[in-house]
Amino acid sequence: MEDLAMFRKLIFLGLLASSASAQAQDVRATLVKRYAELNSAILKRDAMAAERWVKANLAPGFLYTSKTKLMYDSKGFLQGLKDQMKLTRSIEFSKFDVGKPSVTGNKLAVKLTNDFKGTVFFDKRELTLTDRSESLDTWVKIGSTWKLKLIQQTKADTQAFHKQ
């Protein structure tokens, strides 16, 4: 009898583990889609699409912290996106790689890698800009929707070269 109870507990724990794994995969698919929407706005240099994305996806009290400890709220983050779009002349590639999310209750953390290469016009010169950065993004569940609460940049490798 005791063996049967133990067997039931093991099955139950196995079901819980597979349910949590399926939930993490569903959440990751949602995040991949959301980051793809932002990347699409960047590729098109569409400031209105970026603004819609920010309004739809950022949580109240959102904060972005750069590797150098610069901090931006949602307005500053959006303005940074718009400024980047104004300076960008062409984009060779831009992509986000979404890691495996770690979900705990109504909070999730995910590593995001961003790769970018393009031509920007800055200080009256055209420059080739490459950027590879990583961040730890924290999303919170508000109602039934995941909202981005915190971006903490953990790595940044940005280089600008005179356009040849």
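**View 1. The largest nonpolar core, 26 residues in all.** L31, Y35, F77, W139 and L148 have the most contacts inside this core. A nonpolar core here is a set of buried Ala, Val, Leu, Ile, Met, Phe, Trp, Tyr and Cys residues joined through side-chain atoms within 4.5 Å; buried means under 20% relative accessible area, exposed over 50%, and partly exposed in between (1.4 Å probe, protein chains only). Two or more residues each come from helix 1, helix 2 (47-57), strand 1 (58-65), helix 3, strand 3, strand 5 and strand 7. Helix 1 is the top contributor, with 6 residues. Helices (H or I, at least four residues) and strands (E, at least two) are DSSP runs, numbered from the N terminus. In soluble globular proteins, nonpolar side chains tend to be buried together.

The model is a predicted one, so local features need pLDDT of at least 70 and side-chain atom pairs pLDDT 80 or more, while totals for chains, interfaces and linings use all residues. Residues are numbered from 1 along each chain as its sequence is written, and side-chain values use heavy atoms, without hydrogens or water.

**View 2. L31 and its partners.** Leaving aside residues up to four places away in sequence, L31 touches V98, P101, L108, V110 and W139. Contact means heavy atoms within 4.5 Å.

**View 3. E37 on helix 1.** E37 counts as partly exposed because its relative accessible area is 38%. W53 is 16 residues from E37 in sequence, and their C-alpha atoms are 7.4 Å apart.

**View 4. The largest pocket, about 1100 Å³.** Of its 38 lining residues, Y64, Q84, N114, D131 and Q153 are the closest to the centre. Helix 1 (2-44), helix 3 (74-87), strand 3 (88-98), strand 5 (107-122), strand 6 (125-142) and strand 7 (145-162) each give two or more residues to the lining. That lining splits into 21 nonpolar, 12 polar and 5 charged residues. A pocket is an open set of points on a 1 Å grid over the protein atoms alone, where a 1.4 Å probe fits, with protein on both sides within 12 Å along at least five of seven lines; lining residues have an atom within 4 Å of a point.

**View 5. Strands 5, 6 and 7, paired antiparallel.** Pairing takes at least two DSSP bridges. The hairpin of strands 5 and 6 has 2 residues between them, and D123 in the turn shows a positive phi of about 55°. In the hairpin of strands 6 and 7, also with 2 residues between the strands, G143 takes a positive phi near 65°.

Note on methods. Grid points are joined across faces, edges and corners, and a volume is the space filled by probe spheres set on the points. Ala, Val, Leu, Ile, Met, Phe, Trp, Tyr, Cys and Pro count as nonpolar, Asp, Glu, Lys and Arg as charged, and the others, Gly among them, as polar.
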